[in-house]
Amino acid sequence: MPQIFPRWVNEIPGRLQLSAILLITLVILGFWYFGSPEYLETGYAPNQPIPFSHTFHVTELGIDCQYCHGGAWESAVAGIPSTQTCMTCHEYVGLEHETLQPLRDSWESGMPVEWIRVHDLPDHAYFNHSIHVNAGIGCVSCHGRVDRMDVVMKTESMSMGWCLDCHNNPAPHLRPTSEITNMAWEPPENHMEFAQMLIEKRNIDASVYCNACHR
Amino acid sequence: MSQSSDTQKDLLVKGNHDFASVTRLISDIPQQKTPAWWYIAFGISNILLAMLLGMVILLIWNGIGVWGLNQPVGWGWDITNFVWWVGIGHAGTLISAILFLFRQGWRTAINRFAEAMTIFAVMCAGLFPAIHVGRIWAIYWIFPLPNSMQLWPNFNSPLLWDVFAVATYFTVSTLFWYVGLIPDLATMRDKVKGFYSKIAYGVFALGWTGSNRHWQHYEKAYMILAGLATPLVLSVHTIVSFDFAVSIIPGWHTTIFPPYFVAGAVFSGFAMVLTLMIITRKLYHLEDIMTIDHIEKMNIIILVTGNMVGFAYAMEFFIAWYGGVEYEKFAFINRAFGPYAWAYWIMITCNVVAPQFFWVKKFRRHIGLTFFLSIVINIGMWFERFVITVTSLAQDFLPSSWGYFSPTYVDVLTYVGTFGLFFTFFLLFLRFLPMVAISEVKGVMPQADPAYYRNNQKH
C-alpha cells in the first residue's frame with residue numbers, strides 16, 4: 001500500500017501537544033499580567049478641566065489634605081472640594097489666571113466643576129474612608145505622594161488582592177493619628193512595637209470575609 | 001465438526017462469519033450511500049439542536065429567571081437533566097473498562113457504541129452546570145487560575161469536585177474511545193476509496209500499520225486506560241451525589257447516596273444503550289454481532305441494578321424512620337404522599353416494577369419488550385432525579401417558605417433540545433465511524449484461537 005503521508009508528518013502530534021501546552025500557559029499568564037488592574041489602571045492621570053497642581057498647593061503653600069478632603073475623617077468618601085471651598089481663596093487670589101475660568105464660571109452658574117474621577121472602586125465593593133483613617137492608615141498608603149503630583153495619578157492597583165495584602169497584615173501601614181496626612185512620614189525603628197500597641201488599643205481586626213466589602 | 005455446531009449457541013458472533021466478513025460488515029457502513037432515514041433523523045436532530053441553542057441564548061440574555069426556578073426551589077430541571085445525562089453516560093465506561101478488566105468477551109460488540117453514547121451524554125450533561133450559573137461570563141472562576149483578586153475556587157465544595165470529576169470522566173472516556181478506535185480507523189483508511197476520506201481517516205489513525213510493536217503499545221495503553229477509567233465509573237456519580245449528600249437538606253443528607261446514585265447511573269446507562277442498540281442493529285443489519293444474547297446479558301445487569309435502586313428507595317424510608325429525625329421522616333412521607341406523589345409513583349413504577357419482567361428469560365430475550373422497558377426505565381430515572389432534587393427543596397424545614405416548582409417552556413425546550421445535541425453527534429458517529437470495535441470482535445471469535453484451524457481440520 002502506498003504511503004499517504006510523508007515522513008515528517010510523524011513530528012506533528014508531538015509538536016501540536018507542545019504548542020497547545022505553551023499556548024494555554026501563555027494565554028493564562030498573558031491575561032494574568034496584561035489583564036490585571038496593576039497593568040491596566042496604575043498610572044492613570046487624566047487631564048482635569050482645571051490643571052490643579054497638588055505640588056503647588058500642598059508642598060509650596062502647605063495646605064493640609066483635610067482642608068479640601070475633610071470627609072475622609074467622618075464619612076465613607078473623602079470628597080472632592082466644592083467650588084465654594086476653592087473660592088475661599090480664589091475669590092481673592094489668582095484672578096489673573098485664564099486656567100481658573102471654569103472655576104469662576106461654576107461660581108457664577110452654580111453648576112459644579114466637572115472633575116474627572118481618578119480613584120473609582122467598582123460599585124460592588126464597599127469602601128469607607130473614615131474607618132481606615134481613624135484606624136491609622138495614612139493618605140499616602142493608598143494615594144501615593146500626592147504632594148508631588150502636578151496631575152493626580154493613580155499609583156496603586158486597588159485590585160482586590162491589593163486590598164487583601166493590607167487586610168491580612170495591616171501593621172506595617174499603621175501610623176500615629178497626627179501623621180495621617182504627612183506624606184513624608186517614615187516609620188521609626190520600633191515601628192512594629194508601636195503598631196502592635198495600636199492594634200491592641202484600637203482593637204484593629206481588618207476583616208477578610210466576603211461580606212465586609214461585598215455587602 | 002460436531003464441536004462447532006455444539007458451540008454455535010455460545011458464540012458471541014452469530015451467522016458463520018469469518019474475519020473478512022466481519023470487517024466488511026462493519027467497515028462497509030460508512031462507505032455506503034447515506035440512507036434516507038439518516039438524513040431525516042439528522043435534520044430533526046439539527047432542528048432540536050438549533051432550538052437548544054436558541055434556548056441557551058434566551059437564558060443567558062435574560063438570566064435564569066426564564067426557567068421555573070425561584071425560592072425555595074433553586075435547582076429544578078437543570079440539575080435533574082444534568083444528573084440524568086451523566087447517569088446515562090455511565091454505561092460506556094462500565095462496559096469498556098470494568099467488563100474489559102473482568103475479561104467479559106461480550107462487551108466487544110457494544111463497547112464502541114456505548115462509549116460514543118457516553119461521550120455525547122456527558123456533553124449534554126456538562127451543558128447544564130455551565131449554563132445554570134447565571135453569570136456564564138465569569139465561569140472561568142471555577143478553575144484555579146492566578147488572578148488579581150487573590151481568589152481561589154472553594155475547594156471544600158462538592159460542586160467544584162463535580163466540575164473536576166465530570167471533566168476528568170469526559171477526558172478519560174474520550175481518550176479510551178479514541179485509543180480503541182485507532183486500529184479500526186486504520187482499517188477504514190485502507191478501505192475507503194476517496195482521497196479526502198483516506199486523509200481524514202489517516203490523520204486520526206496516527207500511522208497505524210498493525211505491526212507487532214503497534215499492537216503491543218496499543219494493548220498496554222488500552223489496559224492502562226481501562227485501569228484509570230475503572231475508579232472513574234464509581235467516582236463520577238459518587239461525586240455527583242455529593243452535590244446533594246454533603247448539604248443538610250432533609251432527603252439529600254444521606255450516606256446511601258453514592259452507591260445508590262452509581263447503581264441508578266448504570267441502570268439508566270444500560271437502558272439507553274439498549275434503546276439505541278435495538279434500533280441501530282435493525283437499521284444496519286448488525287443482528288449477527290449485537291445478538292439477542294447481548295440483549296439478555298444487558299437485561300440481567302438492568303435487573304440487578306434496578307433492584308439495587310429499589311433497595312435504596314426502601315432503605316431511605318427505613319433510615320428516615322430509624323434515624324428518628326422528624327424532618328427526614330417528613331421529607332420521605334411527603335415524597336410518597338405529598339404534592340409530588342405523582343412523580344414519586346411514576347418513579348417507583350418505572351424503576352422498581354418495570355425491571356421485574358426481566359426475571360423471566362422469555363422477557364429478557366424479547367426485543368420489543370426490552371425496547372419498551374428501556375425507554376420506561378429512562379423515564380423513571382429522570383423522575384428519580386426530579387423527585388430527589390425538587391421535592392427536598394420545595395418542602396424543607398420551614399413550612400412558611402414551602403413552594404411548588406413548575407417548569408416553564410424554556411425548561412422543557414432546553415431539555416428536549418439536548419436530545420438534538422445528543423443525536424446530532426450520535427448520528428455523525430454512526431455515519432462516519434466504525435460503530436463496532438472490529439479488531440476486538442475478531443478477538444472473541446473462535447477463529448482467534450491459534451488452535452482453531454488445526455482442531456477443525458481433524459474432522
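Good morning. I begin with a pair of helices in chain B: the axes of helix α11 (residues 292-323) of chain B and helix α12 (residues 326-337) of chain B come within 8 Å and cross at roughly 150°. Axes here are lines fitted to C-alpha atoms, for helices over the stretch in contact, and angles run from 0 to 180 degrees between N-to-C directions. Helices (H or I, at least four residues) and strands (E, at least two) are DSSP runs, numbered from the N terminus.

Before continuing, a word on the source. This is a predicted model, in which local features need pLDDT of at least 70 and side-chain atom pairs count only at pLDDT 80 or more, while totals for chains, interfaces and linings use all residues. Residues are numbered from 1 along each chain as its sequence is written, and chains are lettered from A and ligands numbered from 1 in the order in which they are written.

To return to the helix pair, α11(B) passes α12(B) in a left-handed crossing; that is, the near helix is turned anticlockwise from the far one by less than a right angle, clockwise being right-handed. On the α11(B) side, B:Glu316, B:Phe317, B:Ala320, B:Trp321 and B:Gly323 take part, and they meet B:Glu328, B:Lys329, B:Ala331 and B:Phe332 of α12(B). Two residues are in contact if their C-beta atoms, placed from the backbone, lie within 7 Å. By class, this contact has five nonpolar, one polar and three charged residues. Ala, Val, Leu, Ile, Met, Phe, Trp, Tyr, Cys and Pro count as nonpolar, Asp, Glu, Lys and Arg as charged, and the others, Gly among them, as polar.

How confident is the model in chain B? Its mean pLDDT is 90, and 97% of its residues reach 70 or more; pLDDT is the predictor's confidence in each residue, from 0 to 100. Within chain B, confidence is highest in helix α3 (residues 36-62), at a mean of 96, and lowest in helix α1 (residues 2-7), at 44. Over residues 1-6 of chain B, pLDDT stays under 50, and the model has one contact beyond four places in sequence for them. Where pLDDT is low, the predicted coordinates should not be read in detail. The model scores ipTM 0.75 and pTM 0.88.

Two loops of chain B deserve mention. B:Pro72 lies in the loop between α3 and α4 (77-88), and the peptide bond from B:Gln71 to B:Pro72 is cis, with omega near 0°. B:Leu206, in the loop between α8 (195-205) and α9 (212-245), has a phi near 55°, a positive value in a residue other than glycine.

I turn to chain A. Its domain assignment, from an automatic or database source, gives domain 1 (7-39), domain 2 (51-82 + 119-213) and domain 3 (83-114). The centres of domain 1 and domain 2 of chain A, taken over C-alpha atoms, are 41 Å apart.

Is A:Met158 buried or exposed? A:Met158 counts as buried because it has 20 C-beta neighbours inside 10 Å; the class requires 20 or more other C-beta atoms within 10 Å, exposed means 12 or fewer, and partly exposed lies in between, with C-beta atoms placed from the backbone.

Finally, the two chains meet: 15 residues of chain A are in contact with 12 residues of chain B. On the chain A side, α1 (12-34), α2 (37-40) and α10 (160-168) each supply at least two residues. That side divides into nine nonpolar, five polar and one charged residue.
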